[in-house]
Amino acid sequence: MKSGVFDKKAFIQSVRDNLKNLYRKTLEEADQQEIFQAVSFAVKDVINDRWLATQQVFDKEDPKIVYYMSMEFLMGRALGNNLINLKEYKEVREALDEIGLNLDVIEDQEPDPALGNGGLGRLAACFMDSLSTLGYAAYGCGIRYRYGMFKQKIQDGFQVEVPDNWLKNGYPFELHRPEYTYEIKFGGHVRTESREDGSLRFVQEDYQSVLAIPYDMPVVGYGNNVVNTLMIWDAAAKDYFELDSFDKGDYQKAVEQQNLARNLVEVLYPNDNHVAGKELRLKQQYFFVSASVQRALARYKKNHDDIRRLPEKVTFQLNDTHPTVTVAELMRILVDEEGLGWDEAWEITTKTCAYTNHTIMAEALEKWPIEIFQRLLPRIYQIVDEINRRFVLQIQERYPGDDGKVARMAILYDGQVKMAHLAIVAGYSVNGVARLHTEILKNEQLHDFYEMFPEKFNNKTNGITQRRFLMHGNPLLADWVTKHIGDGWITELMQLARLVPYASDAKAQKEFMEIKRRNKVRLAEYIKEHNGIEVDPDSIFDVQVKRLHEYKRQFLNILHVMYLYNELKANPQMDFYPRTFIFGAKAAAGYRNAKLTIKLINSVADVINNDADIKGKIKVVFIEDYRVSNAEWIFAAADVSEQISTASKEASGTGNMKFMLNGALTLGTMDGANVEMAEEVGMENIFIFGMSSEEVIAHERNRDYDPMQIYNSDEGIRKVVNQLVDGTFSPNDPGLFRDLYNSLLNTQCTQYADTYFILKDFRSYVDAQKRIVEYYQDKQAWAKSAILNTAHAGKFSSDRTIQEYVDEIWHLDHITVPDAL
Ligand code: 26W
């Protein structure tokens, strides 16, 4: 399999050898999991050649490297994706087929590595794919959680969280690298001593330490031999081997350190857009940051003697504020270990770190109590304190006498460490993730900082990788696209625009919709198997899949389903086009209204799906355990993509782009990247409703929104809202949904009623839904719009996004890796 020529025989032999060496089994004796392992090792063999070759290019050409620092990498399954990027997917499928094996079944054996919550983690994974494909040197730096995002079970309509033991069978694509072990220190105190030259030295003492041990995962570029590395850190106790010591002090410490190591990487925090403020999370942050910075600097120092030139070769991108301690850790190493003066170290740090903001939700802003921060990271705290002291002086110089500025902008204030402020002050770039989001950051959330450092602010609209979300997830459509415009789109998604002429072509329309139908059948089978519900592939598949959050308004969606049901019940003879409403969402374990919304969706589904009166015209499906692997099928099968967040709240969204690429029509608000999608596809091919972000922000500022008025004046709305508490959907427990009812109409305190403007946008949503069904029945018009959605999705490739990061922020060198010998 060298030089891109696939050798079927050699591949099968390699699978057989692996089975023999791993399990002492023949092909005939092995089970599917063992075969998955054996196939993966055969694939890894090919990858390793290219991985080595890429490392050699790094050593020889010394390109600038981006370290993408992220608490989350939601990679999804690797086998299929690696085969696609090696350009051997079809060949391997055929080869396996010949010996009676099915690649789909084998792929399905792989755990879905879910080391992330949602948008931010999946974005990091798409970025890694694009970095390799575009030929840039990159390391993803993260944590090797023992348990990733929980698996979701639905029991009696409620979400139940089940641990995700993704490593239980061993993960074939990871490579243990104990030779790059680093020590990470927590707690204790800082002693100051004088150096011979009179300068001060800071020494951390009485600390606890853990060892950070990396596992490397390959990130294969598409068809270009480049293999970058995702390094995720595992923890181990340092004094483990001294545990049999009977010296009491040592023993105590050894046990503590072992517990620390064990807990540190045990589990991913399943919170999305909500800070829990847990001490362990700060430990996780410093743990992976310190290890990654140490490894980055060690790599740099191997080939360079002048640490001052670090920014020429290294850049750290902070994926939200979670890895912001990078700033202080780099300062610590430069000052304490490299012996640089403060100003020199600051100069380097502020040219090396850059920050991406992914949310404006206030409850997602990370602020650590100073007490915790200082106790856990005493030296890091001193450094943050000094950064803050100097920054406050700068504020005072710029705005003399304006205490408000200091109060709003200081890094340390009110007993808290404000991570976003630290990231902005130390970063050379601050970016939002869609144009609207960046404008809101500049004009609202981060206005003070924008005024002080306008040059730092920039926008990088998110993107997604077409290799996974079209090529792998929707092979039928991928082949159709290639048949019409060639395969250039795989690495240059803008080429999809060449599909535009086919949008009006009757034959192309028919083919396109036939593919959509086959994908709907595939999803219908999945639903039948997993939910036991029959859905009609000729109904409109209206889909909302994403994390469950009040601002994303799954609640609005299900209230509308209830509304439709009421209409149909009242008038069973009405003209009604069949609709299937599909939901998929995980709720953070402690998020009550989110969990209750899941229960509501399932309760409404129970009633509607089993009501013979409506003759199956409405079906409601909640897909259990929505995750990267089933997402690919869901995007491929959607007619309508629900992107209905309260305007201004969704920073970008990336699911929206995946649906668009797969030819779904968006039903959305003018929020996040929807705004740019509308611009690309044209207002006649997207269904926009609801308040604008300006209107939302104005209502929030003026506090002049009263949902009760709407409730009182609109009968249809009043009926669905009342149904939340009259037992229609919970006959055995009519009070079950009381909290959801109260969230809309808090009679005690109108200020906290309907925070996300569900009732306000309801009528406009109902209208948009009406327009959608009407439009759907004009088969040609719909097909044309669907094709145009695919055709205009080019901008939303993460390749475009990454090229912008490279050109405008990172300034990386392009690398070429020759074919392995
Ligand atoms: C500390 C708790 C916490 C955990 C995760 C706070 C915030 C987060 C993330 C920033 C939430 C997140 O995933 N944000 C999403 O990022 C995507 C990628 O940029 C955007 O497309 C989504 O709009 C945004 O919600």
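How many Å separate the centres of domain 1 and domain 2, taken over C-alpha atoms?

1. The separation is 37 Å. This is a predicted model, in which local features need pLDDT of at least 70, side-chain atom pairs count only at pLDDT 80 or more, and totals for chains, interfaces and linings use all residues. Residues are numbered from 1 along each chain as its sequence is written.

2. The protein chain is assigned domain 1 (62-76 + 112-142 + 162-462 + 804-810) and domain 2 (480-692 + 757-796), with bounds that come from an automatic or database domain assignment. Their contact takes 29 residues from domain 1 and 20 residues from domain 2, two residues being in contact if their C-beta atoms, placed from the backbone, lie within 7 Å. On the side of domain 1 that touches domain 2, the elements giving two or more residues are α6 (119-134) and α16 (435-445); helices (H or I, at least four residues) and strands (E, at least two) are DSSP runs, numbered from the N terminus. That side of domain 1 divides into eleven nonpolar, 14 polar and four charged residues, where Ala, Val, Leu, Ile, Met, Phe, Trp, Tyr, Cys and Pro count as nonpolar, Asp, Glu, Lys and Arg as charged, and the others, Gly among them, as polar.

3. The ligand lies between domain 1 and domain 2, because both give residues to the shell around it. Of the 23 residues around the ligand, Gly119, Leu120, His358, Ala651 and Ser652 come nearest, a residue being near if its C-beta atom, placed from the backbone, lies within 6 Å of the molecule. The shell comprises six nonpolar, 13 polar and four charged residues.

4. At Lys658, UniProt places the feature "modified residue: N6-(pyridoxal phosphate)lysine" in an unreviewed entry; such positions are given in the numbering used here, feature names are shortened, and annotations may be inferred rather than shown by experiment. Lys658 is found in helix α24 (residues 655-661) and counts as buried because it has 30 C-beta neighbours inside 10 Å (buried means 20 or more, exposed 12 or fewer, and partly exposed in between, with C-beta atoms placed from the backbone). Leaving aside neighbours within four places in sequence, Lys658 is in contact with Ile464, Phe469 and Phe635.

5. Six strands form an open sheet with parallel pairing, in the order β20-β19-β18-β21-β22-β23, two strands being paired if DSSP finds at least two bridges between them. The edge strands, each pairing on one side only, are β20 (618-622) and β23 (687-688). Strands β21 (residues 640-643) and β22 (residues 665-668) pair over four bridges, and Val640 stands opposite Leu665 in β22.
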